[in-house]
Amino acid sequence: MDDARLYPLTGHGDPAATIAWRRDGPVSVARFLADVHRLAALLPAGGHLLNLCQDRYRFMVGLAAGLVAGRISLQPSSQAPETVRQLLAFAPDTACLHDDADAPAGLPCLRYPDEAAASDAPFAMPQIPGDRIAAYVFTSGSTGAPVPHAKHWGALVRNARAEAERLGLGRQGHAIVGTVPAQHMYGFESTVLLALHGNCAAWSGRPFYPADIAAALAAVPRPRLLVTTPFHLRALLDAGLDLPPIDQLLSATAPLSEALARAAEARCAAPLNEIYGCTETGQIASRRTVDGPRWRLLPGVALDLDGDLAHASGGHVEGRVALADLIEPLDREHFLLHGRSADLINIAGKRSSLAYLNHQLAAIAGVADGAFYLPDEEAADGVTRLAAFVVAPTLTRRELLAALRQRIDPIFLPRPLVLLDRLPRNATGKLPRDALQALFALHREGRGDD
């Protein structure tokens, strides 16, 4: 990447400005920089840093300390032992920063140090070259081996500025409460980078359950921005808790139904925007869900089609990146999203997509969560039937099938349709295919087809 300009570690120019909120109160930019320099001096030797801190503020300090000390942050999609082993094969000089009792075996580790007294060192903002690789963000890869994607500091800064401009955060910074991990690309961009370069301040925790989300929102001042997923959002609304005023909602990682978006906006009296992107490109577009299906590209980003394959480039996107989704450009700034290419299904000559079917399922009143699953074909000439796993406490299987018949072609009706108490979503609210595959196998083994 050719970007020789220098970018500050954070866009907060005032040392007294708040960059984070913790349980004991606000953290100033001056205190943040003091923590960064203190940690940078303690980091183990090596060129790469696996930052596993669960506390969002500590993750921010670790990322910034790595930049100051010349380390590259590694952000895998999983922290499983096998993933860590594969990371070490990619970067043998990796050290680990963590704030948990357990640390991965087989590499040098530093537990986040105890808090130090405030420093009275003079305020000086570190400047980082734009062409410095700040992080490798990993996707799982088709072979199971993590695939690294280099993220340069200049592109990450422009990424955060573009999002802040789209959401109007530059005019008035928000306190961000995020329900997604800082290591995940969405959480990295919309909580950590927005705090560093979007004129915002991040809540240090990562609430998961509705009561924890409500408590975190109450712990920070207005204006508040809740960065979340459809899964967390639905659970929050269903809990019926008293919530403090929320000024903006942001959702990503899975399709959001218009019905849930309308319910969230009505409950919170705040606009709800969705972010679209992927690990390879970072976020590239947004939309306010209740305004319709059109997505609007972030400033500077462009799309072009090569046959049916869409590519993103420009703005903060590094290079020209092929997208895995089916895109229909409407003009230079807007497009429609028709789901992932891999989601397309063809049964008996009729085509649909898992994204469309999941959207129809989620739109049924009484469905709290659900997903269609297309099993691998059992024989070359076999007829594959869709399955569906649904959380709908007030509905019977018969009622669900009747409701689906009103919305989808009968060829796509699921068999089996399995009712569950909850779905095996991961920390970002996603449903990995291998989790659905295991669920399907368990059902087949224990109960047979319905």
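**Close-up 1. Surroundings of histidine 149.** Setting aside neighbours within four places in sequence, histidine 149 is in contact (heavy atoms within 4.5 Å) with Ala135, Tyr136, Val137, Thr139, Thr279 and Glu280. This is a predicted model, in which local features need pLDDT of at least 70 and side-chain atom pairs count only at pLDDT 80 or more, while totals for chains, interfaces and linings use all residues. Residues are numbered from 1 along each chain as its sequence is written, and side-chain values use heavy atoms, with hydrogens and water left out. Histidine 149 belongs to strand β10, residues 147–152 (helices are DSSP runs of H or I, at least four residues, and strands runs of E, at least two, numbered from the N terminus). The C-alpha atoms of histidine 149 and glutamate 280 are separated by 6.3 Å, although the two residues are 131 residues apart along the chain.

**Close-up 2. Burial of helix α7.** In α7 (residues 230–239), the residues Pro230, His232, Leu233, Arg234, Leu236 and Leu237 are buried (under 20% relative accessible area, with a 1.4 Å probe and protein chains only). These buried residues pack against α6 (210–218), β13 (224–228), β14 (248–251), α8 (258–268), β15 (272–278) and α9 (354–362).

**Close-up 3. Lining of the second largest pocket.** Strand β16 gives the most to this lining, with 3 residues. Both α4 (153–167) and β16 (282–288) supply at least two lining residues each.

Definitions and conventions. Buried < 20%, exposed > 50% of the residue type's maximum accessible area, 1.4 Å probe, protein only.
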